[in-house]
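Biologist: Could you walk me through a few spots in this model, slowly, as I am still new to reading structures?

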Amino acid sequence: MASITLESSYQSTAKDMGNSHVKAHGKQHKYMQAAEPEIETLTDNQTSDNSIDLALKFAQSNMGLLTPKQWQKYNAKLRKSRRKSNYTEYILGVSGNFIKAKERQLNNPKTVKKTREKISREMRAIMENAGIPINGSIYYLSNTETYDQMPPEQLKKYREFERQTFKKFFNSSTFKSLNPQCFRAEIHYDEMGAMHLQTQSLWYHKDSRKRITYAKRAIIKRTLSKWYRREGVSEEEALQQRLDALCEFHEIANKNGKKIGSRRADMMYLDHMNRFPWSTVDDALKVNTDGSKRKYKHSSAERNTRIEELWRIEQINTLRKIAEETAKSMGINYQVDENYVTDGVHLDGVAYIEHKKASQKAQTAMSLANQVKNASESVSDDLKSTYKAISGEEIEEKSPLELAKKIKTKATTQQKDFDDNQAKIKQQEQLISQQQQQLDAQQRQLRNMKKQRDALKKENQDLSKENTGLKASIEQLHKQLKSAGLIVSGWIKDHWKQLEQHFNTYARDMNAATNERIHGGHDGNGDPSTAHQFEQRAKNGLIGAFENIERKEADKAGLNQLWTTSGTQKDDELQR
């Protein structure tokens, strides 16, 4: 539910509007949306303009306030005792009655502290504004609590709805007639609070003698009287009847206590007047104690205190209607809360911030209380479940403490079994740890065996390559032997009896060398060194046999020198 509010005071200065406002709120863009400006000016002025200059210009052009040059001529014609020493004193003199009334209220010991503090701020603002009482008003359609409940896309659309509503309201006849001297208006997007319409107005009034005074209540009273006039009833009487009715609904609200959730006095008044616009307070309520009748139920003083409130109510009523129409056209659900959400006392900006902080603290405390309650119920449920799990029985106690005692009693009887189980678990854990260590050792052994297997596999691959090379060499040797076979075979046939034994020895040694190269060694994977010895012995033995036969042949033929050369060549050939 939304809450439409209107705050109005004389604390407004040039710092609250235009570029000064943008600078002051430069780091408060919590709710600003993309493409939104910091402020949007609705009046015919620039953001760089100073509100004091605008106020003076407006009053001088429209209300008859003298310019500095006009004042100098006017001041010179006065008696010395009545002359002002400077233009600021003249401005303060125009607003003299208004300022004196503020000072009387400030000095009155019956004035509450909160009101005195507000008046003190207003008096400082008036002096800061060069003696001009600038009336600042702020209009809200909702608060940040409404914002916080919306997702980003919905919030963006909602703020556009607020913008359109404020612009329509500013241009409405209600606003123009009830704020006739509004000289500056802006929509503010760039604050920690909700978007709002902020205005600055003057309330200079010309009396019957054309004298200028500052009188907000007189101007409002004159405007509302024209609004309420009807046939057969004077303007003054029509206004007083409205004020009397408003006082009556406040009395009803006070009797009800203005409790949170009860109907607000202004809403009861508007609802009644919308249905019965010319109704008055019942005559039966206007009887004095002596039996005489009076014209109005409530006193003149009480009715006068409601004039500015009635001015505020009429604006809020129009703003609400425009908001509801705009929301409907945009497909937005906008409903105004008609009940008290506080104690019924209107809050200014500072008080609202404090109220929001207090509300947040209260909500936090309530949330914590609910959490504690839920936690207690959850603990009780858990304790009951625990008791049933331990004993297999249901338990009726509701208090967590009683449940805990029952569980403790039940658990004590089973503690020994639990301890025994824990000891067994510890033993099993130790056994598992030992088994794990053994498993780790076996895994390391497997990894080592895998490495050895890989090494043997590589060595076998190398031997296979070497065997392939040997086979190729043997095949080449066979070819050479075949080519020389005819020559050698004849010579061998001639000396076969002498060579047969040596060839057998050569074949046996070469076969032994091959076996040693492939299967020799302590691991059966080949012994190249022993194989080489066998090969060398086979070669030397065969070559030695050839040398002996050739030497004998050479001796017979007397060719010792030729044999030596020939023997060396043959040895080389055999080596190749």
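Biologist: How far apart along the helix are tyrosine 87 and tyrosine 90 in α4?
Modeller: This is a predicted model, and in it tyrosine 87 and tyrosine 90 are three residues apart in helix α4 (residues 87-94), which means that about one helical turn separates them.

Biologist: Are those two buried or exposed?
Modeller: Tyrosine 87 is buried, and tyrosine 90 is buried as well.

Biologist: And how many aromatic pairs are there in the whole structure?
Modeller: A search of the whole structure gives 16 aromatic pairs. For tyrosine 87 and tyrosine 90, the ring centres are 5.6 Å apart and the planes are at 40°, so this pair is tilted.

Biologist: What about tyrosine 204 and tyrosine 214?
Modeller: Their ring centres are 5.1 Å apart with the planes at 85°, so that pair is edge-to-face. It links distant parts of the chain, since tyrosine 204 belongs to strand β6 (residues 204-206) and tyrosine 214 to strand β7 (residues 212-214), 10 residues apart.

Biologist: New topic: where is asparagine 525?
Modeller: Asparagine 525 is in the loop between α19 (496-519) and α20 (528-557). Its relative accessibility is 19%, and because buried means under 20%, asparagine 525 counts as buried.

Biologist: Which residues does it contact, leaving aside neighbours within four places in sequence?
Modeller: Asparagine 525 is then in contact with Leu456, Glu459, Leu463, Arg517, Ile518 and Gly520.

Biologist: At what angle do α19 and α20 pack?
Modeller: They pack at about 170°, with their axes 7 Å apart, and that angle makes α19 roughly antiparallel to α20.

Conventions:
Residues numbered from 1 in each chain as written. Predicted model: local features only at pLDDT ≥ 70, side-chain atom pairs only at ≥ 80, totals over all residues. Heavy atoms only, no water. Helix = DSSP H or I, 4+ residues; strand = E, 2+ residues; numbered from the N terminus. Buried < 20%, exposed > 50% of the residue type's maximum accessible area, 1.4 Å probe, protein only. Contact = heavy atoms within 4.5 Å. Axes fitted to C-alpha atoms, helices over the stretch in contact; angles between N-to-C directions. Parallel < 35°, antiparallel > 145°, perpendicular 65-115°, else oblique. Phe/Tyr/Trp six-rings, centres within 6.5 Å; stacked < 30°, edge-to-face > 60°.
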